[in-house]
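Hi everyone, thanks for coming. Today I'd like to walk you through how two parts of one protein meet, so please have a look at the structure on the screen.

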Amino acid sequence: MASAASAVMVGTSAVTTAAAPDHRAVRDSVHTAGRVQDAGDLLRYSWPGVYFEGRIRGTGVGVVLDDPAADYDVQVDGTTVATLVTPGRTTHWVRGLRDGVHTVRLVKRNDTPWSTSSFGGFVAAPGGAVLARPAARSRQIEFIGDSLTAGYGNLSASRDCDGEQLKRTTNADVSYGALTARGLRADYQVNAYSGQGMVRNYNGGSPEVNYRTFYDRALLNVPGDVWRNPGTWRPQLVVVNLGTNDFSTPVNPGEPWTDESLAAAYRSAYSGFLEKLRKRYGATTTILAAGTGPFAGHVEHVVRERTGAGDHRVRYWPLDTTGLDLNGCHWHYSARDHRLLADRLTAFLADLPIRW
C-alpha cells in the first residue's frame, strides 16, 4: 500500500500516488556518489545527504521511494519543488513541467541510522522517457563527522526542539560539507552520525560502539554490513571532524575513562583512523583533520605525528567558530553558521595542493 507523503510545494504541482517502478537496474539510470547497496530494482542506504540525480523528457517525473523514517527534497532544474516527510512506500509525482528535458535531484535531508531507506528510481510521465543519467563530477569530497556535519537542526528557528522538530529541521543538503562541495562542483558523501565520537559518544552513551563501528557500513542498522565501493569513489579530499562528542561532556562516574586516558585513547584511535583512510584512498588523497575547542590540540598533535612520519597530505584545519550564532537545535550550527563554515573551509582549501 502507498502511504500519503506530507509535502511542501514550491512552483510545480505534485501529487503522491502508487505507481510501479521501472525494474531496470536503478543504478544505470541515476547518478549517485552516496554509499548505496545496489539491489537491482532499488538502492538501499542510510547515511544523511545521499542524493540521486537523473534526467527525464516530458511533462512530469515520479520519484519511487520506500522510506518510513527520512525526509527528502525533490529538486527539478535546480529548484526545490517538494519536501517529502517520511513518505513511506510511494511514487511521488511532480507534474505540470514544460514539455522538454529536465534534471531531477532527490536528496535525503536527515540522519536516520535506525532505518534503511530505499529508492526505486525516477519514472517519466506518460509520453515521456527517462534519459541517460548525468555524468559524474571529476571532483569528489568525503565528509566524516557527527551531528555538526549532518546539519542537525540547522533550519530550526529555536534552540529548543523536541524530537519531531529536530527531524523536520535537519537538512544535510545545506550543511557546510554539501555547500562546500557544490561550490567546488564536486560530488560528495556526508558520512555523519549524530552523537557518535571517535572513542566516546555524547555524554558517554552507548559505550559498546562509536563512530568507527559504523564507518564501513552502507546500512547503519545492519551489524557487520560493509559498503562495497563500486570503484568510482576515489575522493581527492577527505574532511574529518570528530571529537565534539568525545570531549563536550565531563566523564561520568562509571565510565572507563579518566581525562588523561580518554585523551590518549582518542589520539591513538584518531591516528589509526587516518591510517585506515590513507590505505583506503591512497597516497594522493588530501586528508583534512578539523579541530576546535577541547579536542583541537589532540587533533593537531596527531597530524604533527603523521606529517613527521612522512605523510604530508594530512593537514590540520583549525575550525574557526568565531561569529557563529549556534541557533540550530540544541545549540548546533544554524543554516547561517553552515554557510559561514563553508566559506571558511573553501578559502582554506584554496591554499592546499589538492590534486583535483
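How much area do domain 1 and domain 2 bury between them? The answer is about 2500 Å², with 48% of that on carbon and sulfur atoms. On the domain 1 side, the residues to look for are R35, W47 and R109: together they supply 33% of the area this domain buries against domain 2, more than any other three residues.

Please keep in mind that this is a predicted model.

Now, to get your bearings: domain 1 covers residues 26-131, and domain 2 covers 140-351. Their C-alpha centres lie 26 Å apart. At the interface, 30 residues of domain 1 are in contact with 34 residues of domain 2.

Let's turn to the polar side of things. Between the two domains there are three salt bridges. Here is a pair you can find on your own screen: the side chains of R105 and D173 form a salt bridge, with 3.1 Å from N to O. Counting residue pairs in polar contact, where both residues have pLDDT 80 or more, we get 21 between domain 1 and domain 2.

Which elements of domain 1 give two or more residues to the side that touches domain 2? Those are β4 (43-45), β7 (71-76) and β10 (100-108). And if you sort that side of domain 1 by residue class, you find eleven nonpolar, ten polar and nine charged residues.

That's my tour, and I'm happy to go back to any part of it.

Terms used
Residues numbered from 1 in each chain as written. Predicted model: local features only at pLDDT ≥ 70, side-chain atom pairs only at ≥ 80, totals over all residues. Heavy atoms only, no water. Domains from an automatic or database assignment. Contact = heavy atoms within 4.5 Å. Buried area = accessible area lost by both parts, 1.4 Å probe. Salt bridge = Lys/Arg side-chain N within 4 Å of Asp/Glu carboxyl O. Polar contact = N/O pair within 3.5 Å; in protein donor to acceptor, adjacent residues only side chain to side chain. Helix = DSSP H or I, 4+ residues; strand = E, 2+ residues; numbered from the N terminus. Nonpolar A, V, L, I, M, F, W, Y, C, P; charged D, E, K, R; others polar.
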